[in-house]
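Here is a short report on one protein chain. Look at the fold, then read on.

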Amino acid sequence: MAGQTGTLRALLTRWKSYRYRFVPWIALNLARKRRTTRHVSKDSQDKIISDTVVLDTLLKIFQALIISNFRDESVLLPEAIRARYEALYTIQQTIGKGLEQSICTPGEILFSTLGFSINRSPSSLISAGMGVFVSKGYVPKGAVVAMYPGTVYQKHEPIFFQSIGNPFVFRCIDGILIDGNDKGISKAVYRSCSRRDQLGPFKMSDVTWLTSCPQNPLAVGQYVNNCSTGKSECVCV
């Protein structure tokens, strides 16, 4: 009897933490329990980091990634863009002469561009699962640390089956849902959408975040968590 009670208590605890990601439960309870959402009168009042800072950060890291892989990817760039990055690539090669080893991995590019690198790995805390850790450098206050990759669902789009047992469904304040799960049906849906939107050799989305070696080193935001009750959160979304 005691064993059954313990099992039910464990299931109840897990359900309480998961239900906010189960779309049918959200739909049934959102109107009755307004405390599950925060009211923000203006979008600008809900931003810790300005759009300008976010855009500048992403442009820096993406430009560095393109330049690093310029030889392999230049044939897929439109003429105007290829000419621009060819000039930047030439400048980098000139400055980089004499270096013992060129920057090649996404993590190294992230460190050289933003001053830190991050990676996802199992947490040392019990039952904490995977987490994101700063592996090198220092992250200043107010910096963009990661992105939340995944399939974006509008309010009216079905996500019932994808949300079952899925802890990676992120609900934005405007009601948009992002499914950041890199396994199962969520993975299949993202790959399908990526192939659908591809224009010839030009890919409209990055599918490497579904693997253990993402080409975008910031695309690990779905694994950011704070499982420790003794320390406050160090990041926000």
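Buried means under 20% relative accessible area, exposed means over 50%, and partly exposed lies in between (1.4 Å probe, protein chains only). Asp-182 counts as buried because its relative accessible area is 6%. More on this residue follows below.

This is a predicted model: local features need pLDDT of at least 70, side-chain atom pairs count only at pLDDT 80 or more, and totals for chains, interfaces and linings use all residues. Residues are numbered from 1 along each chain as its sequence is written, and side-chain values use heavy atoms, with hydrogens and water left out.

**The chain as a whole**

The chain has 237 residues, and 27% of them are buried. It holds eight helices and five strands. Helices (H or I, at least four residues) and strands (E, at least two) are DSSP runs, numbered from the N terminus. In order from the N terminus, the elements read α-α-α-α-α-α-β-β-β-α-β-β-α.

Accessible areas come from the Shrake-Rupley method with a 1.4 Å probe; for residues, only the protein chains shown count as cover. A contact means heavy atoms within 4.5 Å. Take the contacts between residues at least 6 apart in sequence: 56% of them join residues at least 24 apart.

**The sheet**

Three strands make an open sheet, in the order E3-E5-E4, with antiparallel pairing. Two strands pair if DSSP finds at least two bridges between them. Strands E3 (151-153) and E4 (169-171) are the edges, and each pairs on one side only. Strand E5 covers residues 177-179, and three bridges join E4 to E5. In one of these, Arg-171 has Leu-177 in E5 as its bridge partner.

**Salt bridges**

How many salt bridges does a search of the whole structure find? The search finds three. A salt bridge is a side-chain nitrogen of Lys or Arg within 4 Å of a carboxyl oxygen of Asp or Glu. Side chains of opposite charge can pair when their charged atoms come close.

| Pair | N to O distance |
|---|---|
| Arg-120 and Asp-182 | 3.6 Å |
| Lys-183 and Asp-182 | 3.1 Å |
| Arg-196 and Asp-197 | 2.9 Å |

Shared partners join Arg-120, Asp-182 and Lys-183 into one network. Arg-120 and Asp-182 are both buried. Lys-183 counts as exposed because its relative accessibility is 52%. Arg-196 is exposed too, at 60% relative accessible area.

**Inside and outside**

Ser-117 is part of strand E1 (residues 116-122). Is Ser-117 buried or exposed? Ser-117 counts as buried because its relative accessibility is 6%. Beyond its neighbours within four places in sequence, its contacts include Gly-107, Leu-110, Phe-133 and Lys-136.

Phe-160, Phe-161, Ile-164 and Ile-185 make a nonpolar patch of about 410 Å². Patches are made of residues with over 30% relative accessible area and no salt bridge: like charges are joined within 9 Å, and nonpolar side chains (Val, Leu, Ile, Met, Phe, Trp, Tyr) within 5 Å. Ile-185 lies in helix H8 (residues 184-197). Ile-185 is partly exposed because its relative accessible area is 44%.
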